[in-house]
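Student: Pick one spot in this model and take me through it closely, please. After that, carry on to whatever else deserves a look.

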Amino acid sequence: MKKIMVNRFLEKKIREGINRLEKRDFPEQDLEDSWVSLVSHRGEFLAQAYLSQQHRSCGWVVSRKQVALDAAYFETLFKEAWDKRQFFHQDEGTTAYRIFNQEGDGLGGLTIDFYQGYAVFSWYNPFLYSLREELLVAFKKAIPEILGAYEKLRFRGAEIESQHLYGSEAPEHFTVSENGVRYQVFLNEGLMTGLFLDQHEVRGSLIDGLAAGKTVLNMFSYTAAFSLAAAMGGALETTSVDLAKRSRDLSEAHFRANGLSLDQNRFVVMDVFDYFRYAKRHSLEYDLIILDPPSFSRNKKQTFSVAKDYHRLVAESLNLLKANGLLVASTNASNLSLEKFQKEIEKGFDKRPHHYEDIYRLPKDFAINKKDESSNYLKVVTIRIDK
């Protein structure tokens, strides 16, 4: 294993418990995909890690002890992660959740989701993907209950996006349960599956009464999972807006899986800012508006960045919210702290009276590194508009 002497800045990060490695941590190093041993400027062992380009990072610390990083080591990691989710395994009303979450479970660069007996691996960098066979052997030994598995390749340069890995193949479209609600998912169609599992607590709040008796507008709705949860929780009507034409069919499938009429649940294929203008012209108002945009998006008209433009969504929403209305503001941008996200929200409110009611972070199945705020990437706040 190659030995790398790190600078004092990186040494401090490692000692503080940070596992994510960045290119700026190695200003004079030629970074090749490999296992490495990181040592201080005094030659003291700090950690075992691997290097590989992954979005904003260039690798991960794996162990602060000198251990054999072999199949037996990874088998233990997978078994411990599986055992930590006993609550979810025993919940008959929820059959889709995360069973391995990157550094929160000891291996940054890999997530594994569970969909009613099937596993979906997401590989975030080429080095871990090169270890795929070894990791799969360890996973099968640790969790033999899995019926079959799929994989998503989420790193730049990957030749495919999705494929079947081993075992039985799932139906092309099938339903899973979450909080007692049925959602239709697809495990082998690109990088998405039809359901963002990290939002199950927020959907649970909509089911449990947050949306009861309300008119709901769901922006950037994707497959309208929030809208379905609201409808199941007693919403009077829902409107789901997304620019992707395919979203309408996927959204309707969720509602049909639960035997819900589409009469009071509308699906609009439109840019969200165009819909804000449309709704304002037609004097449409809502009791509850949900904002859950991608961190960055681009269409023919404009680009959108959560860090710079979220306040525009908030300001537009205020034009459509009824007195005492509720705004659910969400982002999964890991480079944006909760404090900075709230500052961006406040910019949209300007001086309009409001108060915060609830804050949601990642649910328990999405294990995090408590020493690194960026690993707890999900931020959802509910805000009440004061009369």
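**Starting at histidine 355**

Tutor: Setting aside neighbours within four places in sequence, histidine 355 touches Thr382, Ile383, Arg384 and Asp386, where a contact is heavy atoms within 4.5 Å. Before going on: this is a predicted model, so local features need pLDDT of at least 70 and side-chain atom pairs pLDDT 80 or more, while totals for chains, interfaces and linings use all residues. Residues are numbered from 1 along each chain as its sequence is written, and side-chain values use heavy atoms, without hydrogens or water.

Histidine 355 sits in strand β20, residues 354-360; strands are DSSP runs of E, at least two residues, and helices runs of H or I, at least four, numbered from the N terminus. Is histidine 355 buried, partly exposed or exposed? Its relative accessible area is 34%, so it counts as partly exposed, a class lying between buried (under 20%) and exposed (over 50%), with a 1.4 Å probe and protein chains only. For a sense of scale, alanine 47 is 308 residues from histidine 355 in sequence and 44 Å away in space, C-alpha to C-alpha.

Now for a sheet. Five strands make it up, open and mixed in pairing, in the order β6-β7-β8-β9-β10; a pair needs at least two DSSP bridges. On average, neighbouring strands here are turned by 25 degrees against each other, direction ignored. Take β7 (residues 110-115) and β8 (residues 118-123): they run antiparallel and share six bridges, and aspartate 113 has valine 120 in β8 as its bridge partner.

Two helices pack on this sheet. Helix α2 (residues 71-84) touches β6 and β7, and its direction makes about 145 degrees with that of β6; such angles run from 0 to 180 degrees between N-to-C directions of axes fitted to C-alpha atoms, for helices over the stretch in contact. Helix α5 (residues 132-142) touches β6, β7, β8, β9 (148-153) and β10, at about 45 degrees to β10.

One more helix to click on is α7 (residues 225-232). Seven of its eight residues are buried, so α7 is largely enclosed by the rest of the structure. Those buried residues are Ala225, Phe226, Ser227, Leu228, Ala229, Ala230 and Ala231. After α7 comes glycine 234, with a positive phi near 95 degrees.
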